[in-house]
Every structure is written in C-alpha cells, then in structure tokens.
Amino acid sequence: MSATDVYRAPALSTEGALVEQHWRDLAARRRLYTIAGLVFLLLALSGSLWFANETNAGKFFDRLPHIADFFVELKPRDWFDPVRALFDLPSPYDDGSLKFDYPEGRVYLAQGIYIPEYFYRMIETLNIALFSTLVGSTFGFLLCFLAASNITASRWLRFTTRRFLEIVRAFPEIVIAGFFLAIFSLGPIPAILAVSIHTVGALGKMFFEVVENADMKPDEGLRAVGANWVERVWFGIVPQVLPNFMSYFLLRFEINVRASTILGAVGAGGIGESLRLSISRGHEAKTIAIVFLLFCTIVAVDQFSAWLRQRLVGRQAFAYGRGE
Amino acid sequence: MNADAINDIAARHPEAFRRPLWKRYAAPFGVLLCILYTFYCWWFFSIGIVLEKANWNLAGAYLADWVSYEIRPDIEFKDDYLTIDYSRFSKLGSNPNPDWVIKQIAVIERRGGDAAPAPAMATDKSSQGSFMAPGAPTAENPAPSPDKSVPAAPKTVREKAVVAATVVLGSGQIAITPDLVTVTRGAESVIFDIAKDRSVTPRTPLPDWIEQRKPGSTAYVSFGFLGRAEVQNDEVIAWRRFFGWANFVFDTNSPFWGKSFGEVASLIVSGERIDASRSNAALAWDNILYNAEWQHGDVWLKLLQTIVMAFVGTVLASIVAFPLAFLAARNITPSWMANQATKRFFDFLRSVDMLIWALFFTRGFGPGPLAGMSAIFFTDTGTLGKLYSEALENIDDKQREGIRSVGATPAMVQRYGVLPQVLPVFLSQSLYFWESNTRSATIIGAVGAGGIGLKLWEAMRTNTNWANVFYMVLLILLVVFIFDNLSNYLRRKLMGTVGNGNDKRPQRTPTRPLPAAQIA
C-alpha cells in the first residue's frame with residue numbers, strides 16, 4: 001500500500017475519519033485472513049509432502065538422481081529403432097527376446113498388408129472411448145430430460161433421476177471395471193462398461209443443465225398447439241440444445257480417450273496395457289514408440305474436437321453449471 | 001392460409017424450404033452412422049460372444065458379497081455318524097457352534113481300528129485356532145478319542161458323536177443323517193438317498209431349485225439369497241448367507257471379538273487390563289487398526305495418501321502454472337517466442353497422459369503417493385497453465401491502463417490491474433481441479449502410483465473380498481462428497497458467488513465451453 005503513503009490525505013471530518021478507521025479495520029482483518037489462509041495452506045502442504053514421502057516406497061531425495069537414470073535408460077540402441085518398433089519392422093538387434101520382436105504383433109488384414117501392433121492397439125483404445133461415449137451419451141440424452149425442472153413436472157421423478165446420475169458419476173470407474181473384469185474375462189468390455197456408466201452420469205448432468213437453460217418460448221408454442229410431452233421435447237428443446245450436447249459429447253470423448261488408456265493399463269487391453277508392459281519390462285524402443293503414438297493421438301483428438309466444437313457452437317458462451 | 005400464401009412464403013424464404021440435401025438428412029444420417037458404428041463395435045469387440053460366455057450367476061454372488069457374507073459348514077458322512085467342519089478362517093472364530101446348525105448327539109459304538117484316524121484328523125482341522133486358545137472339546141466334533149495314541153487297537157470304542165444334523169437356512173432346511181439327506185425349501189421337500197462314496201439319488205423328481213447334472217452325481221441346491229448347498233456322495237456343504245459385514249470392528253483373534261458394544265465399552269472404561277503392558281483402550285484401538293479381515297489402518301492410510309496426492313498435486317501445479325501463465329499470455333508478455341514456447345510446453349505436459357507420467361514416476365520413485373502426486377502435478381501444470389493464460393488473455397484492459405496512467409511500476413500494474421480480475425478465476429479453476437483430481441487419483445493409484453486405488457484393485461482381483469471393496473468404495477464416495485462440498489464452500493467464500501446452472505448473470509470466466517477436466 002505504498003501508493004497511499006505518498007498520497008497526503010486531506011483533513012477529514014469526524015465522520016470521514018470514522019469511515020477511514022472502519023476501512024482500515026476491514027483491510028487489516030482481510031489481510032489477517034489471507035495470511036492465516038496462506039499459513040494454513042503452507043502447513044497442510046508441508047505436512048502432506050512429509051506424509052507422502054514417509055509412506056512412499058522410495059524416498060524423494062534418495063530417488064531424485066535416479067529419475068534422470070530412468071530417462072537415460074530409455075535411450076534406444078539407435079534412434080531409428082523406435083520407428084521400427086512403431087511400424088513393426090524387423091530389428092537388426094533381434095535376439096529372439098521379447099524386447100526386439102517387433103514383427104510379432106502385426107495384425108494382417110490381407111496378404112502383405114498389416115496394421116502395426118501399436119496402431120491396432122491405439123484403434124482399440126479409441127474405439128473403446130468412442131463407443132462408450134456413444135452409449136453413455138445415448139442414455140444421458142434419454143435421462144437428462146427427466147432431470148430437467150423445466151421439462152419434467154414430477155418432483156420425485158426429477159429427484160430420483162438426479163440422484164441416480166450423481167451416484168453413477170461419483171462411483172469410481174476402476175471399481176466398475178474391476179467388477180466386470182471378474183464376470184467377463186480380461187478384455188475391453190469391462191472398460192467399455194465402466195467408461196459408459198461413468199459417462200451416463202457425467203454427461204447426464206451436463207445435459208440437463210443445458211436443458212434447464214433452454215429458451216422455453218418454442219415449448220410454449222408447442223404446448224399452445226397441443227403437442228404431447230415427446231413432441232415438445234423433440235421439436236421445442238432438442239434443436240436448441242443439440243449443438244451444446246455435441247460439444248459436451250466431444251469434450252467427453254477427449255476425457256474418455258485418456259480414461260480408457262488408463263483402464264487399459266490395469267488390464268482392459270488397448271494401448272495402455274502395451275505401455276505398462278513395455279515400461280515395466282524395460283523395452284526402451286517400444287516405450288518411446290508407444291509414448292510418441294499416444295502423444296500424437298491425444299494431440300490430434302484434442303485439436304480435432306476443438307475444431308469441431310468451434311464449428312458447432314462458435315465462440316458462443318452458454319451458462320454452464322458447477323462443472324464436474 | 002391458402003396455397004398461394006404458402007407458395008409466397010416459400011418463394012420468399014428459399015433457404016428455409018429448400019435446404020441442401022445433407023442438411024435435410026443430417027439427423028437420420030447421423031443416427032444411421034451411430035447404428036452402423038454400434039454394429040462395427042459389436043463385431044470388433046465380439047461383444048455378443050463375451051456376453052454369452054459371461055458368468056452371470058457369479059455376478060449375482062459377487063454383488064451379494066458386497067453387503068453380506070457366507071458361512072460354510074461342511075458335513076461329512078462317516079459310517080454311522082457325521083463330522084461338522086467349518087472353513088479354516090471362519091468368520092465365527094476358531095470354535096464355531098452356530099445355533100442354526102442343530103446337532104443330534106448320541107453315544108455310538110464303533111470299531112477303533114478303521115474309523116478312528118478319520119475323526120481324529122477332522123478334529124485337528126476344525127480346531128485350527130486352538131494354538132492360541134485351547135478350547136474344550138466341543139459337542140459338534142467327536143471328542144479327541146482317548147485312544148488316539150494307540151490308533152491301531154482293534155477294540156470297539158463308545159463315544160459321543162453327531163448322528164444327525166439339521167442346517168437351517170431361513171425357511172429352508174437340510175436334515176442330514178449318514179445315509180439320508182432331506183432338503184426342504186418352503187413347502188417342497190426332496191429326500192436323497194446317499195450311498196457313501198458312490199451316489200446321490202433323489203426319491204422324487206427334482207424341483208427347479210435343485211440341479212443334478214447327471215444321475216447319481218452331486219446335487220446343487222439353491223435357497224436364493226439365503227444360501228446354497230451341495231449334496232455330494234461323501235459330504236454336504238452348505239453356504240448360509242448373512243446380511244451385513246462380519247467382524248467389521250474386531251476380528252476373531254481379538255479379545256473383544258463377539259462382545260456387545262456395552263461389554264466392550266465397560267471393558268475399556270473400567271475393565272481389568274487384558275494385556276498387562278497397555279490399557280484396554282489402546283488394545284482395542286490397536287485391534288481395530290490391525291483387524292486382519294478389514295485392515296482399517298491400512299485402508300485409512302491409503303485413503304489419506306489419495307487425498308494427499310490430489311491436494312499436493314493441484315497446489316503445486318497451481319503454484320508453478322501461475323507465473324508461467326503470465327509468460328504465456330500474449331497481452332502480458334509481448335514476446336511471440338516466449339508465448340509460444342510456454343504454450344507448447346503446457347500442451348506437452350497436458351498431452352502426455354496422466355497415465356504415462358504415473359508410470360514414469362512409479363519407475364522413478366517406486367510405488368507410492370510421490371509418484372501419483374508428481375503425475376497429477378505434471379499433467380495439471382499443463383492444463384491449469386493453459387486455462388490461466390486464457391483467463392489472462394481475456395482480461396479487461398481498462399483497469400491496467402488506469403493503474404499505468406498514475407505511474408505505477410510494471411509489477412504494480414500486474415498486482416493491481418491484472419490480478420484482481422483473474423484471481424477469482426484462477427482459484428475457481430484450481431478448486432475444480434482439486435475436486436476432479438480427488439477422483440482421478442483413485443484410478444491413477446491402480447497402475448501403481450499409490451493410494452487407495454492399488455488396494456482397491458488388489459482386493460478386486462482376488463474376487464473374494466467384495467465386502468472390502470464396497471467398504472473402500474463407500475469411503476471414496478464419502479471423501480469425494482466431502483471435498484466437493486468443501487471446494488464449493490471455498491469457492492463461494494473466496495469468489496462471493498458460485499456459478500450454478502441457474503445463474504443468468506454475465507460470467508467473468510472466459511467465453512468457451514468447459515475445459516476438459518471440469519466435466520471429468
């Protein structure tokens with residue numbers, strides 16, 4: 001507050017001085033709160049860091065120099081080797097071990113035409129993400145109208161739908177995946193189910209908030225000419241919310257690509273599993289190839305989705321909810 | 001309205017009536033595409049085959065395991081008596097004698113030579129826990145024969161043994177004698193003749209709740225949720241299901257096990273010391289923490305790790321992203337090089353997935369919360385940096401001009417002209433990420449980055465601990481719920497308002513759809 005020191009205050013009346021005093025008190029109290037908050041944050045942070053370090057398998061300062069080791073270990077035999085790993089070309093270092101068996105994983109479409117293993121795995125992951133986003137958004141679409149207060153008059157129906165969406169959203173994906181992994185054997189289906197179920201909750205909530213913010217005039221018009229509930233929703237609400245729905249669909253797809261990669265790493269197939277295996281086995285060329293592929297795919301998906309969303313909703317803002 | 005008027009309108013608004021083909025058929029085309037894609041995925045993942053092969057009975061049993069547990073008495077036929085066994089780590093403790101297994105005990109005579117070793121073994125098996133508390137020989141097992149030391153003595157012994165037993169499962173029951181098993185469910189009942197070690201033969205046709213795959217083989221009896229049983233040619237195994245979580249507070253090895261709340265309370269407050277070296281309260285607390293079945297201490301520790309991972313990851317990411325965002329915003333730092341370099345750096349951090357960071361750091365730091373928090377830190381530095389810099393690029397320039405016009409230094413322009421505008425947005429974004437990271441930290445944990453995720457995953461992979469899984473899920477839901485509300489409360493306190501869906505006021509946040517993590 002050095003600016004106020006330079007400024008020479010004129011003589012104040014008693015009331016003015018009182019106001020001034022009051023303002024100073026308020027400012028001082030706010031500063032105290034800010035400092036107390038920051039001190040609390042600092043204490044919580046250092047306590048948490050200490051706790052994390054204590055309960056970790058390796059200690060931070062013991063392991064720090066070895067982080068670099070890991071990246072050094074990642075250096076392949078030559079810099080063309082990751083390319084061979086990526087495109088399943090035979091490696092000159094092939095010694096029969098898993099480390100250099102690049103051509104093993106080829107997925108043949110026809111004689112001589114093959115999809116390299118990691119591309120195939122990536123397609124699998126993308127398919128998991130897209131399909132479960134599709135399934136999830138379909139159910140989210142059906143449920144969102146039941147949860148919207150401007151469409152559904154029945155209180156208990158709205159309440160039930162909303163609670164259902166909340167529970168489904170908060171339920172950890174990993175538990176759903178693990179449960180279905182026990183029923184079906186290993187494979188992508190548990191991941192699809194887990195991601196879909198979570199998507200129903202997440203998108204359902206976003207969708208019904210969009211619906212609640214919709215303009216009700218078309219609905220009034222439809223009601224005036226005697227349309228039934230389905231017609232009112234379909235002709236009055238859906239056309240105005242569809243661009244926003246699509247936008248949320250795309251955002252969700254981005255998230256689901258990441259989620260299905262992670263679920264893949266815990267046994268649901270796809271590129272995540274390949275990555276986990278190659279990192280834990282120390283196959284440097286394969287790891288680099290997969291990380292590169294994953295990076296490119298995620299960037300591409302993000303860019304594509306951003307471009308499409310821009311086309312769908314423009315820079316138009318829509319009042320959005322509390323997130324999540 | 002007549003035809004002319006309609007034609008007139010059509011002529012005046014051709015774009016509304018003669019839309020391009022693709023626009024007119026966009027909706028059915030989109031739906032068709034979705035359906036085709038569904039068929040493709042059905043084939044690609046062979047969903048049909050997997051669904052067919054899936055074991056749906058197992059699903060029911062696993063789901064029931066979430067909120068209930070089974071106790072399995074194992075009744076073996078001997079020549080003219082029965083032995084009753086419980087599984088080794090039975091939830092009933094080392095000496096189970098439940099009142100729903102009704103035993104009829106009689107003194108029987110048997111030849112010592114051939115039959116003695118078998119009951120002796122059975123006794124050993126059923127009293128595994130007796131290393132710790134040598135219990136008195138109980139009625140359900142033939143008491144350890146006095147002739148155990150001379151098993152080969154060819155004399156007859158007279159001793160007490162179970163000659164008939166009845167297992168009660170709610171409205172159903174199984175009455176067992178060495179050569180006859182009567183299974184009753186509701187009004188129906190079926191009698192099985194047992195030819196020992198040879199066959200199981202029902203006297204009447206089987207109802208649909210009993211299954212026998214081929215004549216004379218094991219009969220599978222279902223009592224619905226209450227339990228099930230297998231009638232084999234040498235034993236009857238019953239599973240009776242009980243609602244609830246068994247031994248949730250104290251496990252069977254604890255001295256407090258099986259006592260009512262009042263008894264435990266009075267022991268803690270005024271009882272004699274059970275363990276001379278420490279007070280009863282300390283002992284009880286220790287027993288709860290190290291409950292062998294529920295592992296409360298470990299679960300709570302792992303849960304705290306998950307919370308800490310999300311908290312530290314988000315706080316550190318915010319702290320690092322804060323100055324970098326000023327560097328990345330083109331209206332704050334007028335250097336194209338610096339803007340682009342920082343923005344691409346953010347993109348890099350964000351696009352290398354959290355999974356990859358987690359796997360890298362698990363290799364680096366070893367499994368534990370350090371790996372998880374580093375992964376969250378790296379990913380979210382990218383995401384928060386991007387969001388922060390966008391918020392900075394959207395600020396109102398007038399305040400800055402005003403501050404600059406009174407001759408403030410560049411640092412003070414940032415402090416008084418920029419910061420007040422963006423700080424609420426920054427904090428709000430960080431709080432959103434804190435919330436969403438509390439959830440994603442669970443998943444990250446499962447790949448080895450520590451926290452409750454890994455424990456959850458291990459419990460699920462054994463397929464036997466579904467009640468523990470549910471316990472952990474409830475804890476996670478509770479934590480998520482608390483942190484959601486805490487973050488909302490803080491947002492309201494710090495920002496004055498919380499933007500909910502019904503808030504029609506113009507928003508200060510950048511005009512774009514939600515960033516990815518906010519709908520996570």
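Mentor: We begin with burial: a residue is buried if 20 or more other C-beta atoms lie within 10 Å of its own, exposed if 12 or fewer, and partly exposed in between, the C-beta atoms being placed from the backbone. By that rule, 41% of the 324 residues of chain A count as buried, and 35% of the 520 residues of chain B do. This is a predicted model, in which local features need pLDDT of at least 70 and side-chain atom pairs count only at pLDDT 80 or more, while totals for chains, interfaces and linings use all residues. Residues are numbered from 1 along each chain as its sequence is written, and chains are lettered from A and ligands numbered from 1 in the order in which they are written.

Trainee: Why does Asn150(A) count as partly exposed?

Mentor: Asn150(A) has 14 C-beta neighbours inside 10 Å, and therefore counts as partly exposed. Asn150(A) lies in the loop between helix 5 (117-147) and helix 6 (155-170) of chain A. Helices here are DSSP runs of H or I with at least four residues, strands are runs of E with at least two, and both are numbered from the N terminus.

Trainee: Which residues is Asn150(A) in contact with, leaving aside its neighbours within four places in sequence?

Mentor: Two residues are in contact if their C-beta atoms, placed from the backbone, lie within 7 Å. With those neighbours left aside, Asn150(A) is in contact with Glu212(A) and Met216(A).

Trainee: What makes a set of residues a nonpolar core?

Mentor: The members are buried Ala, Val, Leu, Ile, Met, Phe, Trp, Tyr and Cys residues joined through C-beta atoms within 7 Å. The largest such core has 141 residues, and Val211(A) and Leu456(B) are among those with the most contacts inside it. Helix 10 (residues 229-268) of chain A gives the most to this core, with 16 residues. A second, separate core of 26 residues includes Val101(B) and Phe223(B).

Trainee: How do you know that helix 14 of chain B is largely enclosed by the rest of the structure?

Mentor: Of its 25 residues, 23 are buried, so helix 14 of chain B is largely enclosed.

Trainee: Where is the kink in helix 14 of chain B centred?

Mentor: The bend at a residue is the angle between axes fitted to the seven residues ending there and the seven starting there. In helix 14 of chain B, a kink of about 30 degrees is centred on Asp380(B).

Trainee: How many bridges join strand 8 and strand 9 of chain B?

Mentor: Two strands pair if DSSP finds at least two bridges between them. Strand 8 (residues 188-195) and strand 9 (residues 199-202) of chain B have four, in the antiparallel sense. These strands form a hairpin with three residues between them, and Asp197(B) in the turn has a positive phi of about 60 degrees. Ala195(B) stands opposite Ser199(B) in strand 9 of chain B.
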